[in-house]
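Colleague: Could you walk me through the aromatic rings here?
Modeller: Gladly, let us look together.

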Amino acid sequence: MIKRLSTFCILLLTLTGCSTNSTSQSITQPTVKLYAMDCGITEISDMSDFSIEGKYQGEKLTLVYPCYLISHPKGDLIWDTGLPQSLADIPGGVKMGVYHMQVNANIEQQLAQVNKTAKDIEFLSLSHSHSDHSGNANLFAQSTFIVNALEREHMFSDNQKQADKEGFAMYSALEKAKTTTFTDQHDVFGDGTVVMKSMPGHTVGSAILMLKLAKAGPVFLTGDMYTHARARTLGTYTMYHGDQAQTKKSRQAFEALVKQQNARVIIQHEKADYDALPAFPAYLE
Ligand SMILES: [Zn+2]
């Protein structure tokens, strides 16, 4: 599992701070709540893997691994499930090379704080299937799994099952889950407030989540298109992007959408973005 964890990209969420102009509030806009749960943290003693251009050699970085709960009047969505809960049972976490991974909170206990259980969650979606985003996915096998069609094909291919048995085991129960696939984008509740959009490159079917919140306005969760803030400002690429050229195209499309909608960007593994969000169980709305 450890090898697995370091092989994909290790990051996670956060949120950010491009504060946006609040959009005009409509009395008809449903109240959508964005909760950021703590699903792990990784201390990195040498960021060399995070720039194929060699920009961060010897630098330290802390990455966070949030799980997001998006609560809509018509149902709940979990977006990414973090590092596997099993890491919480290992005192001091797991050290692997320059990576020190820890899980200090329990996703089910956090859901209980807002009076929910995993079985209450109607929808599950993953920005992509790497193990730092799918670590607790099997908890939500009764939810409807919303996934880019190419990502799903990859997840359950014979090659993937053989090449990454431990990673596959983290989401294996989703293979028989009720599933909705999409190619370009998917509007979860049909009102434009919670929309997944394909942004391939990091993986074959990576996606972002675009929210329209009544008070905070447009908020975009990046998945791992960017793994930390400087990747966006400096335009660097980690060794974990499966296809750099495709990632570059997706970044260009993403930035155009950000500009068009004046969206707040949450780079999921960026600690500053995570820290800028209301501390769970408080939420952004
Ligand atoms: Zn990641």
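**Aromatic rings**

Modeller: To begin, Phe156 counts as buried, at 9% relative accessibility (buried means under 20% relative accessible area, exposed over 50%, partly exposed in between, with a 1.4 Å probe and protein chains only). This is a predicted model, where local features need pLDDT of at least 70, side-chain atom pairs count only at pLDDT 80 or more, and totals for chains, interfaces and linings use all residues. Residues are numbered from 1 along each chain as its sequence is written, and side-chain values use heavy atoms, leaving out hydrogens and water.

Colleague: How many aromatic pairs does a search of the whole structure find?
Modeller: Rings of Phe, Tyr and Trp (its six-membered ring) pair if their centres lie within 6.5 Å; planes under 30 degrees apart count as stacked, over 60 as edge-to-face and the rest as tilted. Searching the whole structure gives 10 aromatic pairs.

Colleague: Which kind of pair do Tyr35 and Phe280 form?
Modeller: Their ring centres are 5.8 Å apart. The planes of Tyr35 and Phe280 meet at 65°, so the pair is edge-to-face.

Colleague: Is Tyr35 buried or exposed?
Modeller: The relative accessible area of Tyr35 is 6%. That makes Tyr35 buried.

Colleague: Which residue joins Tyr35 and Phe280 in a cluster?
Modeller: Phe280 is buried too, with a relative accessible area of 17%. Ring pairs link Tyr35 and Phe280 into a cluster with Tyr283.

Colleague: Which kind of pair do Phe156 and Tyr171 form?
Modeller: Tyr171 is buried, at 1% relative accessibility. The rings of Phe156 and Tyr171 have centres 5.6 Å apart and planes at 85°, so the pair is edge-to-face.
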